[in-house]
Amino acid sequence: MGKIRVKLRKQKKTKPNIRLNLDLLTSVTDLCQKYNLKVKNKFKALEEIEEVEELWQQLKRSITEAAEEEIPTKERKTNQKWMTEDIPNLMDKRRKAKGEQGEYESIHREVRRKCEEAKEAWLNEKCREIDIFQRQAPSTMYRNVEELIGKKKVSSTGCLKAKNGEIILEKDKILERWSEYIKELFDDERKEIEVMNDNFAGPPILKDEVRTAIWKMKSGKATGPDNIAAEQIKALDEFGINKITELLDEIYETGEIPKEMLKSIFIALPKKDGATECELHRTISLMSQVKKILLRIVMMRVRNKIRPEIGDTQCGFVEGKGTTNVVYMLRMIIERALEMQKDIYLCFIDYTKAFDRVKHWEMIKQLKQLHVDGKDLRIIKKYLLATNCNSQDRK
């Protein structure tokens with residue numbers, strides 16, 4: 001007789017999340033200096049610290065407290081991005097003149113004219129920025145294009161389907177369903193991870209390595225469990241490089257990693273609108289930025305050992321060898337085959353959760369055979385064990 005469409009909405013939070021305007025650290029020099037000085041003063045109180053956990057807690061506390069005290073919060077803008085300051089005032093004036101027909105129509109026409117002019121000016125400015133960033137910063141250009149075309153983000157439904165197809169709305173049951181799904185997804189027979197190296201050798205972590213790792217960090221990324229952003233670390237300059245080098249070198253020498261740096265926050269993002277099955281979500285992990293610095297240093301050291309073993313045909317995940325070259329070669333082969341009227345057979349293999357199902361014990365074994373330093377293997381093992389232990393808690 002009829003169709004009824006029901007749209008489920010999430011309950012709005014009573015308190016909005018406070019977001020710091022981290023962009024000011026790169027644009028306002030005085031603010032960056034004040035923030036840097038505040039962190040130094042807070043850290044100076046407990047300068048003689050030898051324990052890794054205490055050193056990490058003091059560094060984290062100094063950075064987060066100084067950021068809350070010095071960096072202004074980001075204002076939430078509900079209006080359109082192209083809207084100027086006088087348009088909301090005219091809208092308020094139009095709302096107050098709702099009873100008077102002549103005045104209301106006059107203000108309404110003015111509002112429409114102002115909106116058209118502001119939107120046209122905003123579009124022209126965005127187009128100019130895209131032309132400027134086309135060669136200088138392609139990533140910024142793509143962001144401006146997405147902002148210009150109004151790319152729609154996929155939203156979550158706030159509910160999930162159980163194994164039997166029943167819709168789950170309760171938060172506790174949704175978390176249980178995610179725990180059940182992840183446990184089944186990563187359920188396989190794995191051997192115990194062994195480093196198989198009693199000689200924990202390896203050079204100490206250098207300031208240049210930390211400086212390079214910090215320089216390669218991308219701004220605007222979400223924070224991990226420690227609530228420290230990449231912009232906050234970059235703003236500390238040499239002081240931050242010295243303290244982070246001291247912390248990471250102590251971790252590297254002793255093999256003791258702070259518990260908070262072993263944790264990651266897993267978030268499920270829907271692949272399309274209305275996704276209610278776990279399979280239609282992709283999971284990303286938010287980890288500590290300091291943890292990323294340590295792993296990047298270890299990765300650079302290991303990469304130097306395994307680079308000679310990589311074949312010439314390997315194009316993905318290798319610096320200077322992108323998959324674009326392979327696509328070009330494949331297109332050339334197809335064109336030649338069409339000219340010569342020859343058949344081509346292509347085989348595409350899509351492994352389900354390929355990176356999550358890597359046999360870690362076999363990877364450690366191969367790294368050992370490539371003579372990777374024992375301290376690097378120990379760090380890798382620590383994080384692999386933490387990943388295996390927390391795989392049941394991905395929610």
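User: What makes E51, E53, E54, E250 and E256 a patch of negative charge on the surface?

Analyst: In this predicted model, E51, E53, E54, E250 and E256 gather in such a patch, a term for residues with over 30% relative accessible area and no salt bridge, whose like charges are joined within 9 Å. A salt bridge here would be a side-chain nitrogen of Lys or Arg within 4 Å of a carboxyl oxygen of Asp or Glu, and Glu counts as negative.

User: Why is E256 called partly exposed?

Analyst: E256, in the loop between α10 and α11 (259-262), has a relative accessible area of 46%; buried means under 20%, exposed over 50%, and partly exposed in between, with a 1.4 Å probe and protein chains only, so E256 counts as partly exposed.

User: Why is the pair of W178 and Y181 called edge-to-face?

Analyst: The structure holds one aromatic pair. The ring centres of W178 and Y181 are 5.8 Å apart and their planes stand at 75°, whereas rings pair if their centres lie within 6.5 Å, with planes under 30 degrees apart counted as stacked, over 60 as edge-to-face and the rest as tilted; the pair is therefore edge-to-face.

User: How do you know whether W178 is buried or exposed?

Analyst: W178 has 8% relative accessibility and therefore counts as buried, as does Y181 at 10%.

User: On what basis are these values given?

Analyst: The model is predicted, so local features need pLDDT of at least 70 and side-chain atom pairs count only at pLDDT 80 or more, while totals for chains, interfaces and linings use all residues. Residues are numbered from 1 along each chain as its sequence is written, and side-chain values use heavy atoms, with hydrogens and water left out.

Definitions and conventions. Patch = residues over 30% accessible without salt bridge, like charges linked within 9 Å, V, L, I, M, F, W, Y side chains within 5 Å. Areas by Shrake-Rupley, 256 points an atom, 1.4 Å probe, with all protein chains shown as cover. Charge placed at Lys NZ, Arg CZ, Asp CG, Glu CD. Helix = DSSP H or I, 4+ residues; strand = E, 2+ residues; numbered from the N terminus. Phe/Tyr/Trp six-rings, centres within 6.5 Å; stacked < 30°, edge-to-face > 60°.
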